[in-house]
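This briefing concerns the structure shown below.

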Amino acid sequence: MSKLSDMNTPIYWAEGHPGRLNRESWTLELSGACENPRTFSWQELQSLPLSTVEGRLTSVTRWSVFGRWTGIRLSHILKEVKMKDSCKYLRFWSQRLIYDTSIPLEIALREKSLIAWAFDDELLDENYGGPLRGFIPYLWGYKSAKCVVKIELMEYYIPGYWELRGYTDSGEIEAGACVDVNDDGKLKVIAGGNEVIDFVKVNER
Ligand SMILES: Nc1nc2c(c(=O)[nH]1)N[C@H]1C(S)=C(S)[C@@H](COP(=O)(O)O)O[C@H]1N2
Ligand SMILES: [Mo]
C-alpha cells in the first residue's frame, strides 16, 4: 500500500502491467545527442543530488494527483552526460520498449521536471511507475513515462505511444472539469496551459 493507492490514484498501463521489478538492479541509459552517453545504476542515481518538488500529475482522462515527488532533475542528468546543442527533445522509453513519449528540451529543463522515484517520501512501486519514472507536471500525464529504462537525447521529434493514437504531440493541459484525487475524487475545474497548473478557485455559494 502507498499514499497513491490509498487515494485511489488510477493506474494506467497501455502495454500491460510489468509485474515485479527489481529496484536494486535497475539501470537508466542515457544516449543520443550527448558527449558522454552512459548507463546509470540505481545506486549511482541515488548518489546524485536529489530534488523534491511539489506538483501534480494530471491525466488527459481528467484526474489529477498532487504531492511531493523526489528524484533527479532532468537538467542535472543532462549535464552529467554533456548534452550537445543539437539536442531538442527527450524521448523516454519504458521497460520492454513498448511505451515511449517525447518532450521538448525546454520543458525538460524546467525545475519540476524529474526522473522520479518517490511520492510523498515513499518509493514508487511498480503500479505507479517505480523504480523510476518521468515526472513532467507541465504536461498531460502521458508525457510522464513509468518504469523508465532509457532516455534518448533527440535532434527531432518522434510521436510516442499515445501521440500515435490521437493524443496531442504537445501534451498541453486543457482547462476543464477534472477529478481531484487528493480530495476524495471531487469534480473540480483545472486551469490549462503548460505552466504549473492547479485547480481554479471557484466561489462556493
Ligand atoms: N509505461 C507507461 N507509462 C505511462 C503510461 C503507460 O500506459 N505506460 N500511462 C501514462 C498516462 S496516460 C498517465 S495519466 C500516467 C498515469 O500514471 P499512474 O498510472 O502512475 O497514475 O502514466 C503515464 N505513463
Ligand atoms: Mo493519462
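Where is the place of asparagine 8? In this predicted model, asparagine 8 belongs to the loop that runs between helix H1 (3–6) and strand S1 (27–32).

**Backbone features**

- Asparagine 8 is not a glycine, yet its phi is positive, at about 60 degrees.
- The peptide bond that leads from glycine 130 to proline 131 is cis, and its omega is near 0 degrees.
- Proline 131 lies in the loop between strand S8 (122–123) and strand S9 (133–135).
- As background, most residues other than glycine have a negative phi, and most peptide bonds are trans.

- The side chain of serine 94 places a polar atom 2.8 Å from a nitrogen atom of ligand 1.
- A polar backbone atom of serine 144 is 2.9 Å from a nitrogen atom of the ligand.
- An oxygen atom of ligand 1 lies 2.7 Å from a backbone N or O atom of alanine 14.
- Ligand 1 taken alone exposes 530 Å², of which the protein buries 97%.

**The largest pocket**

- Ligand 1 sits in the largest pocket.
- The volume of this pocket is about 360 Å³.
- Its lining comprises 24 residues, and Tyr12, Tyr99, Gly141, Tyr142 and Lys146 are the closest to the centre.
- The lining of the largest pocket divides into 15 nonpolar, 6 polar and 3 charged residues.

**Cavities**

- Rolling a probe the size of a water molecule over the atoms shows where empty space is left.
- The structure contains 2 cavities of 30 Å³ or more.
- The largest cavity holds about 50 Å³ of space, and the residues that line it include Phe119, Asp125 and Tyr128.
- Helix H1 and strand S8 each contribute at least two residues to the lining of the largest cavity.
- That lining has 5 nonpolar, 1 polar and 3 charged residues.
- The second largest cavity holds about 30 Å³, and Gly55, Arg56, Lys112, Pro137, Tyr138, Val196 and Ile197 line it.
- The lining of the second largest cavity has 4 nonpolar, 1 polar and 2 charged residues.

Note on methods. Residues are numbered from 1 along each chain as its sequence is written. Chains are lettered from A and ligands numbered from 1 in the order in which they are written. This is a predicted model: local features need pLDDT of at least 70, side-chain atom pairs count only at pLDDT 80 or more; totals for chains, interfaces and linings use all residues. Side-chain values use heavy atoms; hydrogens and water are left out. A polar contact is a pair of N or O atoms within 3.5 Å; within protein, one must be able to donate a hydrogen and the other to accept it, and residues adjacent in sequence count only if both atoms are side-chain atoms. Accessible areas come from the Shrake-Rupley method with a 1.4 Å probe; for residues, only the protein chains shown count as cover. On a 1 Å grid over the protein atoms alone, a cavity is a set of points where a 1.4 Å probe fits but cannot get out, and a pocket is an open set with protein on both sides within 12 Å along at least five of seven lines; lining residues have an atom within 4 Å of a point. A molecule sits in a cavity or pocket if more than half of its atoms lie within 2 Å of its grid points. Grid points are joined across faces, edges and corners, and a volume is the space filled by probe spheres set on the points. Ala, Val, Leu, Ile, Met, Phe, Trp, Tyr, Cys and Pro count as nonpolar, Asp, Glu, Lys and Arg as charged, and the others, Gly among them, as polar. Helices (H or I, at least four residues) and strands (E, at least two) are DSSP runs, numbered from the N terminus.
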